[in-house]
Amino acid sequence: MPNNSERLTFTGSLGEKLTARLDLPSGEARAFAIFAHCFTCSKDYKSVLRISRVLADHAVAVLRFDFTGLGESQGDFSDTNFSTNLEDLLAAADFLRQHYQPPRLLIGHSLGGAAVLTAARQVEEVKAVATIAAPSDTQHLGTLLVMKAPQVKVEGMAEVEIGGRKLRIKRQLLDDLQSHSVLDSVAALGRALVIFHAPGDRVVQFEHAHRLFEAAAHPKSFISLEGADHLLSSERDALYVGKLLATWVDRYLDS
């Protein structure tokens with residue numbers, strides 16, 4: 001954990017207390033960023049921590065937080081959906097705006113990537129967006145969930161196992177996932193975008209990255225993570241992403 005890491009809380013979309021960590025540089029922060037973790041992950045997942053640490057070393061403070069019902073945050077996960085994730089993100093941005101500086105960089109991993117792409121236009125101070133293994137549509141997750149627990153469509157509720165954890169989901173999550181268009185959000189993004197994706201990703205296929213890149217306007221960049229897995233489990237891969245991201249975003253922080 002970075003030496004300058006502060007534990008914080010703020011109120012999320014459903015009125016619950018969300019827990020966060022703010023990783024600060026040793027000196028003055030040049031900019032602030034928000035990191036949105038992947039579906040059912042947490043702010044303390046190793047790749048999130050490693051990337052945040054590299055950015056802090058390059059004078060970018062990073063707020064990484066647990067979405068409602070996950071990690072150390074309060075709330076019932078089964079009551080959440082993609083829309084509540086978006087509202088949690090906006091609440092995080094408001095928190096930084098009120099207590100530190102508005103975020104100028106949004107980072108999202110997997111579904112968190114889809115979330116930052118969708119939420120970015122509502123945070124006017126954001127200059128750049130970075131996605132890691134992000135899907136080009138939210139329906140991708142809905143399809144995976146129905147495959148794991150088909151009874152949710154009939155019974156309205158089911159328990160699914162994801163990453164070794166059992167979580168309860170409701171039909172409302174599937175319905176909400178169908179109501180968003182990530183590609184429309186990307187087309188109207190209006191910010192610099194960098195897309196990180198592994199060709200061998202078995203969870204979110206590489207084609208999703210191509211669709212995101214094609215939908216986006218310039219300035220945009222595409223970085224292939226050869227040999228990496230979906231979760232960036234390897235320390236080497238996570239540090240690689242952190243270093244490239246720190247270099248890439250440098251040119252947009254003063255724009």
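Trainee: Which residues in α4 are buried?
Mentor: In this predicted model, the buried residues of α4 are His140, Leu141, Gly142 and Leu145.

Trainee: What is His208 in contact with?
Mentor: Apart from neighbours within four places in sequence, His208 is in contact with Ala134, Pro135, Ser136, Asp137 and His140. One of these, His140, is also among the buried residues of α4.

Trainee: Back to α4, then. Where is Met147?
Mentor: Met147 lies in helix α4, which covers residues 139-148.

Trainee: Buried or exposed?
Mentor: Met147 counts as exposed, because its relative accessibility is 63% and the cut-off for exposed is over 50%.

Trainee: A change of topic: how many disulfides does a search of the whole structure find?
Mentor: The search finds 1 disulfide. Cys38 and Cys41 form it, with their sulfur atoms 1.8 Å apart.

Trainee: What sort of bond is a disulfide, in general?
Mentor: It is a covalent bond between the sulfur atoms of two cysteines.

Trainee: Is the disulfide of Cys38 and Cys41 left-handed or right-handed?
Mentor: The torsion about the S-S bond is about -45°, so this disulfide is left-handed.

Trainee: And the two cysteines, buried or exposed?
Mentor: Cys38 counts as buried at 3% relative accessibility. Cys41 is buried as well, with a relative accessible area of 12%.

Trainee: Now Ser42. Where is its place?
Mentor: Ser42 sits in the loop between β3 (31-36) and α1 (46-57).

Trainee: Why is Ser42 called buried?
Mentor: Ser42 is called buried because its relative accessible area is 18%, and the cut-off is under 20%.

Trainee: What does the side chain of Ser42 reach?
Mentor: The side chain of Ser42 reaches the backbone nitrogen of Asp44 at 3.2 Å. Leaving aside neighbours within four places in sequence, Ser42 is in contact with His37, Val48, Asp66 and Gly71.

Terms used. Residues numbered from 1 in each chain as written. Predicted model: local features only at pLDDT ≥ 70, side-chain atom pairs only at ≥ 80, totals over all residues. Heavy atoms only, no water. Helix = DSSP H or I, 4+ residues; strand = E, 2+ residues; numbered from the N terminus. Buried < 20%, exposed > 50% of the residue type's maximum accessible area, 1.4 Å probe, protein only. Polar contact = N/O pair within 3.5 Å; in protein donor to acceptor, adjacent residues only side chain to side chain. Contact = heavy atoms within 4.5 Å. Disulfide = S-S within 2.5 Å.
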